[in-house]
Amino acid sequence: MGRLEGQVAIITGGARGIGAGVCKVFCEEGATVALWDVLDGKATAEEIRATGGKIFFQKVDVTNKEEIQKAVDYIKEQHGRIDILINNAGIIRDRSFTKMSDDEWNAVINVNLNGLYHVTKAVVPQMKEAGYGRIVSASSINALLGAFGQTNYAATKAAIIGFTKSLAREVGKNGVTVNAVAPGFIKTAMTDSMPETVIKAGIQQIPVRRIGTPEDIAYAYLYLASKEAGFVNGELLNVNGGIIS
Ligand code: NAP
């Protein structure tokens, strides 16, 4: 408890799923959290605030540079700093490659990759100036394994690894570390809609024999976002129950 006391964090896509888990864990650890999402994140923020968390919702689409800048300016004005950025927002538009439309391809590139670029670009200058920062982004096990119907998604999640390793080399000297987490099979709204038999078969492939939770991923983010992880830079942390490492 208290590992992020006094720190200010932005968590994109924080209204539900893994992002909501990250918001909860970071608040428990004392951070002040700006929850960004295109969905209404007021209820998630309210729930966490009711347990004593310092969290506020900002409606920010990560593909919209103006919204991002406004939200960043507000945080700097109200809290004076941004210590942590968790690039969690992401979408899927699954379709086998030959059937995939340009719209499905572009939508995923735009949110998962261009969105991450816009948000990181808006936050890095002030982290460099402050001489401290932690940037952690959501990759995926499917960046490494590939997945049927996910050429668009897997391409973005693999690109995030290259982005992470490259930015880490640029800003490490300024006290800013840049890392990524590759979640495996995690229980969210997406997996809740899958048939029970598919989930059971999936779990048989996981050495720890269970599906992951948003908290499993949140604790990985917590480590990489902590001061103690200052010598970990440009790393991809696999959190998948042992399917691949
Ligand atoms: P999720 O439940 O769909 O939550 C993602 C959140 O991001 C949603 O609230 C979503 O809103 C929001 N979002 C979408 N586009 C956005 C935009 N342009 N700007 C701001 N917010 C936006 O997803 P999740 O399963 O928790 O996954 C979170 C991250 O982990 C994603 O990057 C995902 O690729 C990665 N990941 C997940 C798994 C898994 O098993 N769940 C595995 C590997 C990696 P909408 O609902 O409106 O889209």
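In which helix does isoleucine 161 lie? I found isoleucine 161 in helix H6, which covers residues 151–171. I note at once that this is a predicted model.

Next I asked: is isoleucine 161 buried or exposed? Isoleucine 161 has a relative accessible area of 14%, and buried means under 20%, so it counts as buried. I then listed its contacts, skipping neighbours within four places in sequence. Isoleucine 161 is in contact with Ser139, Ala143, Leu144 and Leu236. I checked the leucine 236 pair by C-alpha atoms. Isoleucine 161 and leucine 236 are 75 residues apart along the chain, yet their C-alpha atoms are separated by 7.0 Å.

**Entry: the whole chain**

I stepped back to the overall fold. The protein chain has nine helices and seven strands. Its C-alpha trace spans about 50 × 35 × 35 Å along the principal axes. I wanted to know how the radius of gyration fits a compact globule. For 245 residues such a globule would be near 18 Å; the protein chain has 17 Å, which agrees. Buried residues make up 50% of the 245. I also looked at contacts with a separation of 6 or more: residues 24 or more positions apart account for 70% of them. The accessible surface comes to about 11,800 Å², and carbon and sulfur atoms hold 53% of it.

**Entry: the cores**

How many residues has the largest nonpolar core? I read off 30. Val22, Phe26, Val33, Ile55, Ile86, Val181 and Tyr221 have the most contacts inside this core. Several elements each supply at least two of its residues, among them strand E1 (8–12), helix H1 (17–28), strand E2 (32–37) and helix H9 (214–225). H9 gives the most, with seven residues.

I followed valine 181 further. Leaving out residues up to four places away in sequence, valine 181 touches a run of neighbours that includes Val136, Ser137, Ala138, Ser139 and Ser140. Its list also includes Ile217, Ala220, Tyr221 and Leu224, as well as Leu236, Leu237 and Val239. Apart from this core lies another, of 25 residues, among them Ile68, Ala71, Ile75 and Ile135.

**Entry: the ligand**

Which residues are closest to the ligand? I counted 24 residues around the ligand, the closest being Ile18, Asp37, Asp61, Asn88 and Tyr153. I took three of these in turn. Aspartate 37 has a polar side-chain atom 2.8 Å from an oxygen atom of the ligand. Aspartate 61 has a polar side-chain atom 2.8 Å from a nitrogen atom of the ligand. Asparagine 88 uses its backbone: a polar atom there is 2.8 Å from a ligand oxygen. Taken alone the ligand exposes 890 Å², and the protein buries 88% of that.

**Entry: two more residues**

I looked up valine 119 and found it in helix H4. At 0% relative accessibility, valine 119 counts as buried. Beyond residues up to four places away in sequence, valine 119 touches Thr12, Trp36, Val62, Ile68, Leu85 and Asn87. I also checked valine 119 against isoleucine 217. They are 98 residues apart along the chain, and their C-alpha atoms are separated by 21 Å.

Where is serine 96 found? I placed serine 96 in the loop between E4 and helix H4 (102–130). Serine 96 is at 19% relative accessibility, and the cut-off for buried is under 20%, so it counts as buried. Serine 96 touches Phe148 and Gly149, not counting residues up to four places away in sequence.

Definitions and conventions:
Residues numbered from 1 in each chain as written. Predicted model: local features only at pLDDT ≥ 70, side-chain atom pairs only at ≥ 80, totals over all residues. Heavy atoms only, no water. Helix = DSSP H or I, 4+ residues; strand = E, 2+ residues; numbered from the N terminus. Buried < 20%, exposed > 50% of the residue type's maximum accessible area, 1.4 Å probe, protein only. Contact = heavy atoms within 4.5 Å. Core = buried A, V, L, I, M, F, W, Y, C linked by side-chain atoms within 4.5 Å. Near = heavy atom within 4 Å. Polar contact = N/O pair within 3.5 Å; in protein donor to acceptor, adjacent residues only side chain to side chain. Areas by Shrake-Rupley, 256 points an atom, 1.4 Å probe, with all protein chains shown as cover. Rg over C-alpha atoms; globule rule 2.2 N^0.38 Å.
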